[in-house]
Amino acid sequence: MIAEGEHQRQDFKFQISDSKKIARTLVAFANTDGGKLLIGVKDNGVVAGIRSAEEMYMIEAAGDMYCRPKVETTIKEWNIDGKMVLEVDVKRSNELHSAPSKEGKYMVFVRVKDQNIMANAVLVEARRKKNSKYGVSISYNETQQTLMSYLNDHEEITLNEFASLTSISRYKAKRILVDLLATNIIEIHLTENSATYSINKDYFSEE
């Protein structure tokens, strides 16, 4: 696992000094594809080992106290050359979890490659709608046709670009993106500073 390095489903932590920070990783894994957190491993893969057994309790506190709703974890101990490494396993959840941001406000985080990224409102609403018992209804009108035609010729589009392209309000553009994302017709690409949308090629290949 260490040889794989950090990626979308794996993260290294040298030590735990802040349960709230760990909570962000736990919810990011739970909200995306699940993953493993290795405690006692440096970013470069060097095994340092945990400093005290208290770190295990801080992981449990992160999942129970700072994740809303709680994130269940399974912890396994590894002894590598006399150094203890904790493997924290998080399963993908059907619920949407949040954790405190650096400013202390509870926000939804997702895992993008090897980073925990704060989800935007479109992604959060799409996930909630997708999990709703009422389902999602799509009205494929001229606005949606214009969007899909644009995405056939361009790799991606932002919310503001979509609103400008179709001369609709930003609010209405957001609602359309939420529905298309909830039905997997489009997909979202998040970074710390931006969000773009593109056609979900897997969806149309299945069709």
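Is lysine 113 buried or exposed, and what is its relative accessible area? Lysine 113 is exposed, at a relative accessible area of 62%; here buried means under 20% relative accessible area, exposed over 50%, and partly exposed in between, with a 1.4 Å probe and protein chains only. The model is a predicted one, so to speak of local features takes a pLDDT of at least 70, side-chain atom pairs count only at pLDDT 80 or more, and totals for chains, interfaces and linings use all residues. Residues are numbered from 1 along each chain as its sequence is written, and side-chain values use heavy atoms, with hydrogens and water left out.

Back to the backbone at lysine 113: its phi is positive, about 55 degrees, although the residue is not a glycine. Lysine 113 sits in the loop between E6 and strand E7 (115-118); helices (H or I, at least four residues) and strands (E, at least two) are DSSP runs, numbered from the N terminus. Serine 167 also has a positive phi of about 55 degrees without being a glycine. Its place is the loop between helix H5 (159-166) and H6, and at 67% relative accessibility serine 167 counts as exposed. Then there is the peptide bond from arginine 68 to proline 69, which is cis, with omega near -10 degrees. Proline 69 belongs to the loop between helix H2 (54-65) and strand E3 (73-80). For context, most residues other than glycine have a negative phi, and most peptide bonds are trans.

On to the charged side chains. The structure holds eight salt bridges, each being a side-chain nitrogen of Lys or Arg within 4 Å of a carboxyl oxygen of Asp or Glu. One of them pairs aspartate 11 with arginine 111, with 3.6 Å between the closest N and O atoms. This pair links distant parts of the chain, 100 residues apart: aspartate 11 is in strand E1 (residues 10-13) and arginine 111 in strand E6 (residues 106-112). Both aspartate 11 and arginine 111 are buried.

Another bridge joins aspartate 89 to lysine 36, the closest N and O atoms being 3.0 Å apart. Because aspartate 89 lies in strand E4 (residues 83-90) and lysine 36 in strand E2 (residues 35-39), the pair ties together parts 53 residues apart in sequence. Aspartate 89 counts as buried at 14% relative accessibility, whereas lysine 36, at 25%, counts as partly exposed. A network of salt bridges links Lys36, Glu87, Asp89 and Lys91.
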